[in-house]
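Hi everyone, thanks for coming.

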Amino acid sequence: MTKKEAIKIFEERKVRTVWDDKEEKWYFSIVDVVNVLTDSKDYTTARKYWNKLKQRLKAEGNETVTNCHQLKLRAADGKMRMTDVADTEQLFRLIQSIPSPKAEPFKQWMAQVASTRLDQLQDPEMSIDQAVADYRRLGYSEAWINQRIKSIEIRKELTDEWKRTGVKEGTEYALLTDIITKEWSGFTTKQYKQHKGLKKESLRDNMTNLEMAFNILAEASSTELSKQRDPHGLSEQTKIAKDGGSVAKAARNQLEDKLGHSVISSTKASDYLPPIQEAEGVEAD
């Protein structure tokens, strides 16, 4: 089961959401929804409101509250914390218990969020268009966005090739990614994120244009080598991952010789993106 965090905006208020691709549905942070509907000044007030409402609904035997569960969502301090969430159907029922003039507009907005995502599943081009819009909102440059979208395409082609040759999703994908990344950059993915001071953030969303270019070259090279050699399973793909990464390493070394300095940077997105825009967040691959 794959879940992707996203932040949706309703009337300039953030609503944390999680998309579950197995169930094909959105889960919404209930306290964020309460914050919107009650026009709370802060999340502390919204949480208190939700806690009292939850207690009352449970006492009444409300099945919607009983069936609500928790997922880890990113809090204001950047940490992942367990948060009460509800799917679209559950939220429609909960909203009826919150007197608010925003109830109907919010229901319409929520239905549109769900509908848009389902449309994107049928038409991948819509997902790309949404990603471009999100990155623009965050303040990324057009050149960076174009390169980032290309990196998503290259990554998808690589993982499709891994799947074709018998590599298992999850741990084995992560292992091969580490091999490729370390071969061209000198860092495993975890080490690279530590170098940039990242925690849960996407490494690719924090790469510079040059870092992204070498990563694309490494993954594209690995894909082409795999197609040519037609390996079977993780063991044979390990050698290809190293060879693909070495192509980008050679190009990187050549450029660094000309530049006189390393292209591996500790710079991350928050160092140059506007703080307000950065806080909105986007889905990461």
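Let's start with Glu211, which counts as buried because its relative accessibility is 0%. Buried here means under 20% relative accessible area, exposed means over 50%, and partly exposed is in between, using a 1.4 Å probe and protein chains only.

Quick background: this is a predicted model, where local features need pLDDT of at least 70 and side-chain atom pairs count only at pLDDT 80 or more, while totals for chains, interfaces and linings use all residues. Residues are numbered from 1 along each chain as its sequence is written, and side-chain values use heavy atoms, leaving out hydrogens and water.

So who does Glu211 pair with? Its side chain meets that of Lys196 in a salt bridge, 2.9 Å from N to O. By salt bridge I mean a side-chain nitrogen of Lys or Arg within 4 Å of a carboxyl oxygen of Asp or Glu. Glu211 sits in helix 10 (residues 209-229), and Lys196 in the loop between helix 9 (189-195) and helix 10, 15 residues apart. Helices are DSSP runs of H or I with at least four residues, strands are E runs of at least two, and both are numbered from the N terminus. Lys196 is buried too, at 1% relative accessible area.

Glu224 is partly exposed at 46%, and Lys227 is partly exposed at 41%.

Across the whole structure, the search finds 23 salt bridges.
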